[in-house]
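Me: I would like to learn how to read a structure feature by feature. Please take me through this one.

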Amino acid sequence: MTVARELIGKTFVRLAPSISSPREVRLAGTIVETEAYGYTNDRASHAYNGVTAKNKPMFGEVGKTYVYFIYGSHFCVNISAHSDRVKAGAVLIRAIEPCEGVDVMRRLRSSKNLYGLTSGPGKICQAMNINDSLNSLDVTDPRSEIHIEFDKEITKKNVTTTERIGIRYAAKKKWRFVCGI
């Protein structure tokens with residue numbers, strides 16, 4: 001849960017190939033909502049029943065992307081995060097406030113609405129062209145296609161803790177962190 005809270009206010013970056021030029025395009029936004037997922041203490045976690053080919057990044061080195069397909073319609077991106085005492089865990093990036101490459105994000109989402117552009121985990125992946133081919137990337141490496149920049153600080157009083165949303169099990173856990181509620 002510590003990582004989920006600490007990611008609020010950090011910059012989430014996707015370095016994507018450009019369709020119209022040989023240079024890559026930088027898509028970025030400030031993380032404003034996250035949700036933590038545990039291991040055997042969390043029935044809602046993909047890691048709850050043990051390691052599989054799909055959830056393997058949750059059991060590996062911390063700071064790696066875990067991208068999965070959900071509801072047969074969209075991808076979600078997580079960052080593997082767990083202590084040395086726990087075998088698995090991850091933090092779902094639930095929402096970002098777009099700040100770079102907004103025009104590209106709008107095209108990828110076919111949306112002009114800035115407010116809802118990246119206001120959910122599936123929307124983030126669509127707006128940033130993230131799919132499961134980007135699994136297990138090191139988000140601590142600034143050259144990685146997906147990485148986190150730790151240049152911003154949000155005071156703890158601006159971060160609210162709530163129950164998790166959009167899940168069936170263990171929803172009462174206050175493992176969701178939101179900036180500015």
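**Reading the model**

Reply: Ser 110 is found in the loop between helix 3 and helix 4; helices (H or I, at least four residues) and strands (E, at least two) are DSSP runs, numbered from the N terminus. This is a predicted model, in which local features need pLDDT of at least 70, side-chain atom pairs count only at pLDDT 80 or more, and totals for chains, interfaces and linings use all residues. Residues are numbered from 1 along each chain as its sequence is written, and side-chain values use heavy atoms, with hydrogens and water left out.

Me: What is the phi of Ser 110 near?

Reply: Most residues other than glycine have a negative phi. Phi of Ser 110 is positive, near 50°. Ser 110 counts as exposed, at 70% relative accessibility; exposed means over 50% relative accessible area, buried under 20%, and partly exposed in between (1.4 Å probe, protein chains only). Asn 129, which is not a glycine either, has a positive phi of about 55°. Asn 129 sits in the loop between helix 4 and strand 6 and is partly exposed at 39%.

Me: Which strands does strand 5 pair with?

Reply: Two strands pair if DSSP finds at least two bridges between them. Strand 5 runs antiparallel to strand 2, with nine bridges, and antiparallel to strand 4, with three. As examples, Val 91 of strand 5 is the bridge partner of Ala 36, and Leu 92 of strand 5 is that of Asn 78. Eight of the eleven residues of strand 5 are buried.

Me: Is Glu 33 buried or exposed?

Reply: Glu 33, in strand 2, is buried, with a relative accessible area of 10%. The side chains of Glu 33 and Arg 94 are joined by a polar contact of 2.9 Å. A polar contact is a pair of N or O atoms within 3.5 Å; within protein, one must be able to donate a hydrogen and the other to accept it, and residues adjacent in sequence count only if both atoms are side-chain atoms. Contact in general means heavy atoms within 4.5 Å. Leaving aside neighbours within four places in sequence, Glu 33 is in contact with residues including Ile 8, Ile 165 and Phe 177.

Me: What does Glu 100 touch?

Reply: Glu 100 is in strand 5 and is partly exposed, at 31%. Not counting residues up to four places away in sequence, Glu 100 touches Arg 26, Leu 27, Ala 28 and Met 105. A polar contact of 2.7 Å joins the side chains of Glu 100 and Arg 26.

Me: Which residues touch the most other members of the largest nonpolar core?

Reply: A nonpolar core is a set of buried Ala, Val, Leu, Ile, Met, Phe, Trp, Tyr and Cys residues joined through side-chain atoms within 4.5 Å. The largest here has 33 residues, and Phe 12, Ile 31, Ile 93, Met 128 and Ile 130 touch the most other members. Elements that each supply at least two residues of this core include strand 1 (11–17), helix 3 (102–109) and strand 6 (146–149). Another core, of twelve residues, lies apart from it and has Met 58 and Cys 76 among them.

Me: Which strand gives the most to the lining of the largest pocket?

Reply: Strand 3 does, with four residues. The lining has 31 residues, of which Ala 44, His 46, Tyr 68, Ile 70 and Ile 167 lie nearest the centre of the pocket. On a 1 Å grid over the protein atoms alone, a pocket is an open set of points where a 1.4 Å probe fits, with protein on both sides within 12 Å along at least five of seven lines; lining residues have an atom within 4 Å of a point.
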